[in-house]
Amino acid sequence: MAALATPPPRTGLVVVQALRKKHCAECRSGPVALLVLEEGAPRCLDCTDLGHLVFLPRGDTALTRRAREESALSAVVVRFNRRRSRYERQGVLVEEAGLARAEERCLADAEARRRRRVRDARRRAAEDVRFTDAFAAEVRRLFPDCPPERAREIAAHASLRGSGRVGRSAAGRALTEFAVTSAVVASVRHVDTPYDHLLMSGVPRYEARRRITATVEATLRGWRGVRGGEGRGGGRGPRSRGREGRGRSRA
């Protein structure tokens, strides 16, 4: 059963949020929402001497860290994610007195931490602007006839922080030709072809991509400045053609 799979090794105690109704193998109480696995058998918090702890959900990093520092006994709470086939952290169990002391510490320097968060946000925003500018410039270098405003749109979309798109990958941050071209291909696919309509009509993804291949390649040739196989950009060789075919970025 997935809910009783052994969590990965961690430093300290680990408590599992049950996905299904489970009863304690020792006192038979239940169903229990939180359990500890001992030799593969579920046991409630009371039977494992953790019943006096209180649950602190994840989300406030400073409070979590300080609550664990102030608690002589604590445990990490995890839950099995079936879709990703892994345990994910949900929060911690800490002593109630330790949590109270941690909250007092956080309140004492709340303003300082707020100002630091504002400074960090401004710094990240400035970094994002510089990176988007560099990405757009690289799009224009590789595709000199791409409209400037379109190059900027492609760069902004691909490099959005936290998006997981190609611009945030290691290759994207390094501004590799493959990553930049992948971002351009993805933009052309969704903006300049009926690709999205085909998907919504039930056409399988690979078949939809096959149908729009000619349009994508023609647009890329035009943006490269290629006319009749020659022109600015020097034409498209086999490597460039393969790169467009492989360009599968998350749009």
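Reply: In this predicted model, β5 and strand β6 (residues 86-94) run antiparallel and are joined by seven bridges.

β5 spans residues 75-81 and is mostly covered. Six of its seven residues are buried. Strand β1 (residues 13-17) also pairs with β5, through four bridges, and here the strands run parallel. Leu13 has Ala75 as its bridge partner in β5.

Now the whole sheet. It is open and has six strands, in the order β3-β2-β1-β5-β6-β4. The pairing is mixed. β3 (41-43) and β4 (54-57) are the edge strands; each has a single partner strand, so one side of each lacks a neighbour in the sheet. On average, neighbouring strands are turned by 45° against each other, direction ignored.

β4 and β6 run antiparallel, with four bridges between them. Phe55 stands opposite Leu93 of β6.

From α1, move to helix α2 (residues 96-108). The axes of α1 and α2 come within 8 Å and cross at roughly 135°. That angle makes α1 oblique to α2. Their crossing is right-handed. From α1, the contact takes in Ala62, Leu63, Arg66, Ala67, Glu69 and Glu70. From α2, it takes in Gly98, Leu99, Arg101, Ala102, Glu103, Arg105 and Cys106. By class, the contact of α1 with α2 has six nonpolar, one polar and six charged residues.

Leu99 lies in helix α2. Its relative accessibility is 13%, so Leu99 counts as buried. Leaving aside residues up to four places away in sequence, Leu99 touches Val54, Leu56, Leu63, Ala67 and Val94. Among these, Leu63 and Ala67 belong to the α1 side of the helix contact. The C-alpha atoms of Leu99 and Leu56 are 8.3 Å apart, although 43 residues separate them along the chain.

Helix α3 (residues 110-142) and helix α4 (residues 148-158) have axes that come within 8 Å and cross at roughly 130°. α3 is therefore oblique to α4. α3 passes α4 in a right-handed crossing. The α3 side supplies Thr132, Asp133, Phe135, Ala136, Val139 and Arg140. The α4 side supplies Pro148, Ala151, Arg152, Ile154, Ala155, Ala156 and Ala158. By class, this contact of α3 with α4 has nine nonpolar, one polar and three charged residues.

Definitions and conventions: Residues are numbered from 1 along each chain as its sequence is written. This is a predicted model: local features need pLDDT of at least 70, side-chain atom pairs count only at pLDDT 80 or more; totals for chains, interfaces and linings use all residues. Side-chain values use heavy atoms; hydrogens and water are left out. Axes are lines fitted to C-alpha atoms, for helices over the stretch in contact, and angles run from 0 to 180 degrees between N-to-C directions. Helices (H or I, at least four residues) and strands (E, at least two) are DSSP runs, numbered from the N terminus. Angles under 35 degrees count as roughly parallel, over 145 as roughly antiparallel, 65 to 115 as roughly perpendicular and the rest as oblique. A crossing is left-handed if the near helix is turned anticlockwise from the far one by less than a right angle, and right-handed if clockwise. Contact means heavy atoms within 4.5 Å. Ala, Val, Leu, Ile, Met, Phe, Trp, Tyr, Cys and Pro count as nonpolar, Asp, Glu, Lys and Arg as charged, and the others, Gly among them, as polar. Buried means under 20% relative accessible area, exposed over 50%, partly exposed in between (1.4 Å probe, protein chains only). Two strands pair if DSSP finds at least two bridges between them.
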